[in-house]
Amino acid sequence: MALRKALVTGGTGVNGVWVVRQMLEQGIEPIVFDWAPDFTFLKDVKDDFRFYRGDTRDLAALLRVIKETRPDAILHLAALMPNAAQADPRTGFEINAMATVTVLEAARLGDIGKVVFTSSKGAYGDVTGEYGHPTFRPLDEDYPARPVLVYDVTKVASEGMGMNYHRNYGIDFIALRFAGIFAPGKLARHGVLSIYGRIVENAMLGKPTRIPQGGEQRDDNVYVKDVANSIVLAAQASGTRSRIFHIGSGKLHTLRELAAVLKEIYPRAEFDIGPGLDYFGLGHNVYSLHDITRAREELGYEPQYDLLGAVKDYIAMMEKFGVAPTYTG
Ligand SMILES: NC(=O)c1ccc[n+]([C@@H]2O[C@H](COP(=O)([O-])OP(=O)(O)OC[C@H]3O[C@@H](n4cnc5c(N)ncnc54)[C@H](O)[C@@H]3O)[C@@H](O)[C@H]2O)c1
């Protein structure tokens, strides 16, 4: 059955807004569910979709929306980010894992056959050996999940519960494990996690960027519009062999390469990025290259943005929606 409409939890978040926009462009009706709406990147299309304010932990609220709107699928993006989940593990687990079960239960009770879950490379926790620097053997979906942070654990738990709703009730559950994502609006919302945003937005402001360490590390960072495309493709897919897919850019870049791209656009931009490998300073290795063969073959996913194209689009979207860049010293 063709996808006509889908409920998007977290639909006004950093990724959600581009999912909503892409659905509208393709003639698929988004029904947006979020507890803290931010329409900055949706202001021109705000009247084109139904919005419900609510909490994904509230089964009754989800069921009311489903009964009223009758979506064909749920695209589940609502979640707390790693720092928030780490600071409050119980709430982190409730929102990122238990609420995923609530969403699955809402799908079951509401007779919705499809759920797309937004997972993360965090599922792998520590990526070691030949899969890390400097060899970067492409990581496929069969690499063992060894979650480290609370956020990572919630992603693996959610995936496992999705598999059980598939096994028990036949729900077509798909989990997308994203590489790092960069997006306009992410820096203001997610702060330190958005190191790409920091480099782009400081350059937009004509301010220097100093990052003390990590200039030699390479990592896979995918642009938010490719992410949105993958979510819409997964929502439309049927009868896939696999249930877990990697979504990435297919490429590795250093922060210094990103800085060089910014210098092409803003020749006077200044960057000082120190040596070493761990720019996030996490102490375990999160830098790796997603093998996206499975998503290419089964979902028809193909990244559309190279680094320069993504940076140009990022800047264009900030300007189009009147979002002031954030300075991070
Ligand atoms: N941004 C990344 O780099 C990245 C990487 C991998 C995976 N992901 C995953 O993609 C999904 C979307 O992430 P994002 O970057 O857009 O995050 P975001 O924080 O920008 O958006 C999440 C949205 O969910 C809403 N929300 C949170 N808890 C809620 C609740 N209990 N009930 C209702 N709404 C709630 C928030 O208000 C927000 O609008 C998440 O599952 C995230 O874990 C993101």
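Let's start with S242. S242 sits in the loop between α8 (224-236) and β10 (244-247). Helices here are DSSP runs of H or I with at least four residues, strands are E runs of at least two, and both are numbered from the N terminus. This is a predicted model: local features need pLDDT of at least 70, side-chain atom pairs count only at pLDDT 80 or more, and totals for chains, interfaces and linings use all residues. Residues are numbered from 1 along each chain as its sequence is written, and side-chain values use heavy atoms, with hydrogens and water left out.

Is S242 buried or exposed? Buried, because its relative accessible area is 11%. Buried means under 20% relative accessible area, exposed means over 50%, and partly exposed is in between, with a 1.4 Å probe and protein chains only. What does S242 touch, leaving out residues up to four places away in sequence? R294 and E298. Contact means heavy atoms within 4.5 Å. With E298 there is also a side-chain polar contact, at 2.6 Å. A polar contact is a pair of N or O atoms within 3.5 Å; within protein, one must be able to donate a hydrogen and the other to accept it, and residues adjacent in sequence count only if both atoms are side-chain atoms.

Next, the ligand. The shell around the ligand has 27 residues, and V14, D34, T118, Y151 and K186 come nearest. Near means that a heavy atom of the residue lies within 4 Å of the molecule or strand. For V14, a backbone N or O atom lies 2.8 Å from a ligand oxygen. For L77, a polar backbone atom is 3.4 Å from a ligand oxygen. K155 uses a polar side-chain atom, 2.8 Å from a ligand oxygen. How much of the ligand does the protein cover? 95% of the 820 Å² of accessible area that the ligand has on its own. Those areas come from the Shrake-Rupley method with a 1.4 Å probe; for residues, only the protein chains shown count as cover.

Now helix α1, residues 16-25. α1 is mostly covered, with eight of its ten residues buried. The buried ones are G16, V17, W18, V19, V20, R21, Q22 and M23. They pack against β1 (5-9), β2 (29-34), β4 (73-76), α8 and α11 (307-320). After α1 comes G27, with a positive phi near 75°.

On to the backbone exceptions. Most residues other than glycine have a negative phi, and most peptide bonds are trans. The loop between β5 and α5 holds P134. The H133 to P134 peptide bond is cis, with omega about -5°. F136 is in the loop between β5 and α5 too. F136 is not a glycine, yet its phi is positive, about 50°. F136 counts as buried because its relative accessible area is 4%. D111 lies in the loop between α4 and β5. Its phi is also positive, near 60°. Here the residue counts as exposed, because D111 has 67% relative accessibility.

Last stop, M98. M98 lies in helix α4, residues 89-109. At 44% relative accessibility, M98 is partly exposed. Questions, please.
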